[in-house]
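Hi,

Here is the structure I said I would pass on.

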Amino acid sequence: SASAGGSGGGAPSDPLAWQDLDGHVMGHHVTARVSPLVRVDDQTMLLVVELTRAADDAAVADVLDTGTSSGPPQQDKIDLTDYLGDFPSRAGASFTHLIDPDGMRVLRPFSATGDLLEAGPGETVASNLVFMTTGLDQLDHVTVYVPQTGFTVVSVIDRADATSAGIDPQTLNSLDQALAEHRASATPSPSADDTSAHGSAAGPVPIERYTRTLDDSTGTRTTDKDVTVTLASDVTFDSDSYNLTAAADSQLQTVASQIAQHPDGGTLDIVGHTDDVANDAHNQTLSENRAGAVKDRLGQLTDLATWQVTTTGKGETEPAVNDTTDQARAANRRVVITITPTGGTTAKQPGATGSAAPSSNNDSLPEAQGPIGTGPDGVTLTGPSDKGQITLTLDHATRTGGLLLGQLEITTGPGGTNGSLGAWLSDPGTLGSNPRGENGNNIDIFYAADGLTLLSGDERVFPADYLPPGDEAHWPLTDLKLTDSLKEGATTTVCAVWPDTGQDTLTLDHQGNMNGTDYAFRLTDIPVADS
């Protein structure tokens, strides 16, 4: 069985074995048994997750601060769906993910049984997760991520072996009937390229990488096809001008380094954007000139002979943020550069960190904004106005394929969390959006642990993310729905997945929140174990 804290990339020695995880879900001790992944038919796979609450687990009333949480406990039962699934549209443990670390792909369930997974002390509840895909079924093993519980690797087996693996035949029969009814009513029937809500009937989607430079002047998004770099124009140019500033070269060197990694060339698209101050014609011309200035300087910093370069100005017509606040207008003043190499990017390669070379914690790091501790020993921080306290530890991260898997342990001190646990872990300054600034429609991602970033070279590496088909915002591969407040003495597991930075030891840094350095902390010297 797999131990808590992550698993490797190899298949289990017994392909029919279930794997065990030991975690803490919003302060409650919960273990999970994860079945092999069953190929039900050419479109469908089944995974069974059994969740058991410890017999000696603390009462809900002793863990959750119901004055700020979702509601009072009912007969000392914890509703695991509150934290492991998107209720009510996706019940059960529907936030369980299948991950292919070598192919850098991720898949969420089409459906999940279990409705409200209410468990009293010593009780076991189960969720049958149905994945509709023609993508991951060709693998012989896959990584399973169960929120607030951990990561494990399970084998992919044929339906003929399901009974031998301990899966109830009635489960498969019921699934056959449900799928037949669904396919009869679906128009068209589910297929690998269906783009219904959350990609429910779609195949796996690419895992992406998003980073910012430490001065927040440059953001970089990396997929297996292209690299998109967004430059903050307030750093790149003088005000209302296309004259490059002294600081621009640092930004553009980031782009030049990305381009130089692909000597075979490709296409390079440079698009200028402005805010809505001044008139349309002025802004259009300014955006065109800024795109041209970036092209000219990039041509001086790196060889563009093998690249097909286009420059475009969008003026104020495509704002990043639809608002007229100073902050929104600053975000709208930008230059977006898309690098599409002929042979694809190096996103799948461990250590592909954009402009930042793989490095260790001996590198010069920016000054920490909060308390510092080592990953294995942990760090303790106090909330705003000295209210609330938590201690965080991360004894190691596991490298598998192009990813790093981490499982933090969080224990509350005096005052508990004094509000949402997510406030201590989310990305600062992104209320109503994700770290990329995208405005999604699902409130679950607003309370995610997406502020747990790694420092690598001159970059801040955010948790890996993905874009579900039909959605407008990327979802982070971290625990979501960290909405509840915990009392003193509670222990919780928080999981996160990062793109591999190529480092032997990691530095995890949380910047704080939108009000400043509240909740800021740093964990250093986190060892990386190979899978």
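H5 covers residues 248–260, so 13 residues, and spans 18 Å from first C-alpha to last, close to the expected 18 Å, which is 1.5 Å times one less than the number of residues. Helices (H or I, at least four residues) and strands (E, at least two) are DSSP runs, numbered from the N terminus.

Keep in mind that this is a predicted model: local features need pLDDT of at least 70, side-chain atom pairs count only at pLDDT 80 or more, and totals for chains, interfaces and linings use all residues. Numbering starts from 1 along each chain as its sequence is written, and side-chain values use heavy atoms, with hydrogens and water left out.

Now for Ser-420. You'll find Ser-420 in the loop between strand E24 (403–412) and strand E25 (453–456). Is Ser-420 buried or exposed? Ser-420 is buried, at a relative accessible area of 18%. Leaving aside neighbours within four places in sequence, Ser-420 is in contact (heavy atoms within 4.5 Å) with Tyr-447, Leu-482, Thr-483 and Asp-484. A polar atom of the Ser-420 side chain also lies 3.0 Å from the backbone nitrogen of Gly-422.

Conventions:
Buried means under 20% relative accessible area, exposed over 50%, partly exposed in between (1.4 Å probe, protein chains only). A polar contact is a pair of N or O atoms within 3.5 Å; within protein, one must be able to donate a hydrogen and the other to accept it, and residues adjacent in sequence count only if both atoms are side-chain atoms.
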